[in-house]
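Welcome, and thank you for taking a look at this model. The report below walks through some of its features step by step.

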Amino acid sequence: MADRSLEESRVRPLGLFRLALHRFARGLATLVGVAAIVFLLMNAAPGDPASLALRTQAGRGTVSPDAVAAFRAEYGLDRPLPARFAAWLRRAALLDFGRSVQDGRPVRERIGETLSATVALNVSA
């Protein structure tokens, strides 16, 4: 009887480790799945992001094809979708959200400006 409880005590930590590893793997898969859905929804938006952003910057005027091509190359929009997703996921994991298309400032900086108000609203709710 004592031998059995000794054996169970050796197996139990391994079982807990496997359970934790399994849950971590499921959580990671869920996180990547949600990120993929968000990325695909962003890319499914109507219109060309390069021409829309350049028209916004130019005041709704016409934009040359060379400017659109340069914008697409700068932001990586000329690369295949899987390559863009991998780069986007890597940058998001490093909390590098790039620069705002509206004003050119780092997105991380813009998030930091409004984060305290957001947290205050969520805590008070």
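## Arginine 110 and its surroundings

Arginine 110 is partly exposed, with a relative accessible area of 28%. Please keep in mind throughout that this is a predicted model. What does arginine 110 pair with in a salt bridge? Its partner is aspartate 103, and the closest N and O atoms of the two are 3.7 Å apart. Aspartate 103 counts as partly exposed too, at 38% relative accessibility.

Glutamate 113 has a relative accessible area of 49% and is partly exposed, and arginine 105 is partly exposed at 25%.

Now let us turn to a serine. Serine 100 sits in the loop between helix H4 (81-93) and helix H5 (107-124). Is serine 100 buried or exposed? Serine 100 is buried, because its relative accessible area is 9% and the cut-off for buried is under 20%. The side chain of serine 100 makes a polar contact of 2.9 Å with the side chain of arginine 110, and another polar contact, of 3.3 Å, joins it to the side chain of aspartate 103. Setting aside neighbours within four places in sequence, serine 100 is in contact with Arg105, Val107 and Arg110.

The loop between H4 and H5 also holds leucine 95. Leucine 95 has a positive phi of about 60°, although it is not a glycine. At 44% relative accessibility, leucine 95 counts as partly exposed.

## The salt bridges side by side

How many salt bridges are there in the model? The count comes to five. Here are some of them, with the distance between nitrogen and oxygen.

| Residue | Partner | N to O distance |
|---|---|---|
| Arginine 72 | Aspartate 48 | 2.6 Å |
| Arginine 110 | Aspartate 103 | 3.7 Å |

Arginine 72 lies in helix H3 and aspartate 48 in the loop between helix H1 (2-43) and H2, so the pair ties together parts that are 24 residues apart in sequence. Arginine 72 is partly exposed, with a relative accessible area of 27%, and aspartate 48 is partly exposed as well, at 25%.

The side chain of serine 51 reaches the backbone oxygen of aspartate 48 at 3.2 Å. Serine 51 lies in helix H2 and counts as buried, with 13% relative accessibility.

## The nonpolar core

Which residues make up the largest nonpolar core? The six are Ala50, Ala53, Leu54, Val68, Phe71 and Leu77. Helix H2 (49-58) and helix H3 (65-74) each supply at least two residues of this core. The largest share, three residues, comes from H2.

Not counting residues up to four places away in sequence, phenylalanine 71 touches Pro49, Ala50, Ala53, Leu54, Leu77 and Val101.

Helix H2 also holds leucine 52, which counts as partly exposed at 38% relative accessibility. Leucine 52 and valine 68 are 16 residues apart in sequence, and their C-alpha atoms are 9.4 Å apart in space. Beyond residues up to four places away in sequence, leucine 52 touches Pro46 and Gly47.

## A nonpolar patch on the surface

To finish, let us move to the outside of the model. Which residues form a nonpolar patch on the surface? They are Leu14, Phe17, Leu21, Phe24, Leu28, Leu31 and Val32, which together have about 730 Å² of accessible area. One of them, valine 32, has its place in helix H1. Valine 32 is partly exposed, with a relative accessible area of 37%.

Terms used: Residues numbered from 1 in each chain as written. Predicted model: local features only at pLDDT ≥ 70, side-chain atom pairs only at ≥ 80, totals over all residues. Heavy atoms only, no water. Core = buried A, V, L, I, M, F, W, Y, C linked by side-chain atoms within 4.5 Å. Buried < 20%, exposed > 50% of the residue type's maximum accessible area, 1.4 Å probe, protein only. Helix = DSSP H or I, 4+ residues; strand = E, 2+ residues; numbered from the N terminus. Contact = heavy atoms within 4.5 Å. Polar contact = N/O pair within 3.5 Å; in protein donor to acceptor, adjacent residues only side chain to side chain. Salt bridge = Lys/Arg side-chain N within 4 Å of Asp/Glu carboxyl O. Patch = residues over 30% accessible without salt bridge, like charges linked within 9 Å, V, L, I, M, F, W, Y side chains within 5 Å. Areas by Shrake-Rupley, 256 points an atom, 1.4 Å probe, with all protein chains shown as cover.
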